[in-house]
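Could you look this model over with me?

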Amino acid sequence: MSTLSRSFLLIKSMAGRLIIVYRVFVFVAIVLLIHIQHRQWQIEMLIAERDLSRLLPLVQDVFPDAASITPASPAEKADSGLETMGNLLAIENRDGELSGYAVRTSPAADHIIGFSGPTDVLVTADTKGRIRKVKILSSLDTRDHVQEILDNQYFLPAFGSHSLQDMRRAPQVEAVSGATLTSLAILESLRFALNEDRSSENSPDGKLTHRSEVSLKFPEPPQLKDVQIIFPEANSVSASNQSGPGKWIVTNASGIMLGHIFCTSPAADNLIGYQGPTNTLIGLTTDDNVVGIAVGNSYDNEPYVDYVRDDTYFRKLFVGRSISELSQLDLDTERIEGVSGATMTSLAVAESLQVAAVDYVRRLEETQETASGSKSENPVYSFVTLRNISTTLITAIGVLIGTTGLRGKRRLRWSFQIILIVWLGLVNGDLLSQASLLGWSQNGIPWQRAAGLVILTLAAVIVPIVSRRNVYCSHICPHGAVQQLLRNRLPWKLSISGKIQRRLRLIPVILITWVMLVGFLHLPFSPVDIEPFDAWLFSIAGTATIIVAIGGLVASALTPMAYCRFGCPTGALLDFLTRSRRSDWQLQDTFALILLAAAIVLQMTV
């Protein structure tokens, strides 16, 4: 080979490397821009939420001389005997004199859900803390329920006979019939906001902490008839602070202790089944092992609740676990299915058991820390789970097959495709998608909670760059494996002309552009709806993703790998990052440059 030929090949090789460096740069730059813009958007939302000047016209309805509204200082609160109040705002007149106080429930209590969402409430009070007026600022709850409260002539005016101190406890304000959950959520939100503790002394990490000891939704103690479902010989139930936080002692007619009862309320009061929360009783032995559960009072649809009450198989799924094991319950990993005919209600009950157990374990640790005078470190999510280990192992095998001569072994590939479909897809549900890429770009990578999926994603992105093979699409993706098994199964195929194919290949490009716009503009649209991957988690899959999944597979049966070739934005992105043997500038590189320029403009203007 001549020197000129060697020089040409060297230049060509260098050009190819520069092209892939350019593509990686564009990808990383757009991801960083989305992340930076999202952080700025979060800050702007927080600033807007804390813009107290917007509340001034509202408090002037009560205090006409109000000129400013600011967070109440410790001295101002102490003068009125309200020094322990959280989220208290001071209303001052033009002379700087205190006119009264205000409390807003958002954003502190946004996690408290009524029927279907939180409600933002503004409460004004005089300098003694006596409530003057309550106003609903906005609500994400069901419109008709909120309107029922606004139309009720008793509920909001009833606050006027109470003080802020009253609202910190269990206020005697009767909920609105027909909008019980929404009105109780308003009461609970106000109580949470007033009790919220911002001192790092009460929280190891300095985060906002508060736990309600009394439920507004389920204030009654466990009923004996429900307890007897777990302990048939139970004769009495009494509260006990010595046996552990939130426990009730169960005894028989002879006064012999049978065990303990622990309720999911108030820890899980905001978990909604079909149309409301359910209080579930957890029966425990003296060493905190579950001996049974019983469904107590509920705001959910009664026929559905009765189905769960009567389903002994469902209730036995949790027996034999320790309270610690129950706190680590993963409904997806353990494939806990709901009760037929009451799926939403029963799954909410199952989730409430886990939430309540987490709360119980945390409270027990706090009690032990208080007694010992020490504080334990926050728990760390472990990588060593079946899901993480299996996803990582399958990823490694897929990379090995895809980058070596093993990919020519048909039996091996066929067997591995079955494993991909059954385990990685149906069991783990770990598939790379635009939704995960966008979410991680905005909020960061969940290294601890989804380590297996993170490793799979890194392999999917890095291997094509260094090996010239898109191994994820060809050897790891369960949806791709299904399409490969469908390939040439029909006696005839749908022929598509080259011109139409070129146009169809624009679909993934359009979808990638759309996802980027959703990320920058924070549009109310979920990327899971444009891909089929969420359909693998069929218990939670939406209609759109199921339609895309079925439609894509039908198309792939007619035209080999139709979805991968003409519909998959994630595959198109990985193909873009795959190191090509071609060293010339291509149309996709020009489009990538346009996308980067658009991202920069959006970053500067949005």
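Predicted model: local features only at pLDDT ≥ 70, side-chain atom pairs only at ≥ 80, totals over all residues.

## Notes on the model

1. Look for Phe218, Glu220, Pro221, Pro222, Gln223, Asp226, Asn279, Leu281, Gly296 and Asn297. Two elements, β9 (278-284) and β10 (290-298), each give two or more residues to this lining.

2. How much empty space is there? The volume of the largest cavity is about 70 Å³, and the structure holds five cavities of 30 Å³ or more. Rolling a probe the size of a water molecule over the atoms shows where empty space is left.

3. Now step back to the whole chain. Its secondary structure comes to 24 helices and ten strands. Of its 606 residues, 45% count as buried. Among contacts with a separation of 6 or more, 63% are between residues 24 or more positions apart.

4. Next, the nonpolar cores. The largest one has 53 residues, and those with the most contacts inside it are Ile30, Leu432, Leu456, Tyr472, Ile476, Met516 and Phe520. Leaving aside residues up to four places away in sequence, Met516 touches Ile30, Ile34, Leu595, Ala598, Ala599 and Leu602. A second, separate core has 30 residues, including Ala90, Val121, Ile149 and Val176. In soluble globular proteins, nonpolar side chains tend to be buried together.

5. Is Asn252 buried or exposed? Asn252 has a relative accessible area of 13%, which is under 20%, so it counts as buried. You will find Asn252 in the loop between β7 (247-251) and β8 (257-263). A polar atom of its side chain lies 3.0 Å from the backbone nitrogen of Ser254. Not counting residues up to four places away in sequence, Asn252 touches Glu233, Asn235 and Leu258.

6. Please check two cis peptide bonds as well. One joins Ser106 and Pro107, with omega about 5°; Pro107 lies in the loop between β3 (98-104) and β4 (119-125). Another joins Ser265 and Pro266, with omega about 10°, and Pro266 is in the loop between β8 and β9.

7. Finally, two backbone angles. Asp288 is not a glycine, yet its phi is positive, about 65°. Asp288 sits in the loop between β9 and β10 and is buried, with a relative accessible area of 12%. Asn488, also a residue other than glycine, has a positive phi near 60°; look for Asn488 in the loop between α18 (478-486) and α19 (498-504).

Technical notes: Residues numbered from 1 in each chain as written. Heavy atoms only, no water. 1 Å grid on protein atoms, 1.4 Å probe; cavity = no way out; pocket = protein on both sides within 12 Å on 5 of 7 lines; lining within 4 Å. Points joined across faces, edges and corners; volume = space filled by probe spheres on them. Helix = DSSP H or I, 4+ residues; strand = E, 2+ residues; numbered from the N terminus. Core = buried A, V, L, I, M, F, W, Y, C linked by side-chain atoms within 4.5 Å. Buried < 20%, exposed > 50% of the residue type's maximum accessible area, 1.4 Å probe, protein only. Contact = heavy atoms within 4.5 Å. Polar contact = N/O pair within 3.5 Å; in protein donor to acceptor, adjacent residues only side chain to side chain.
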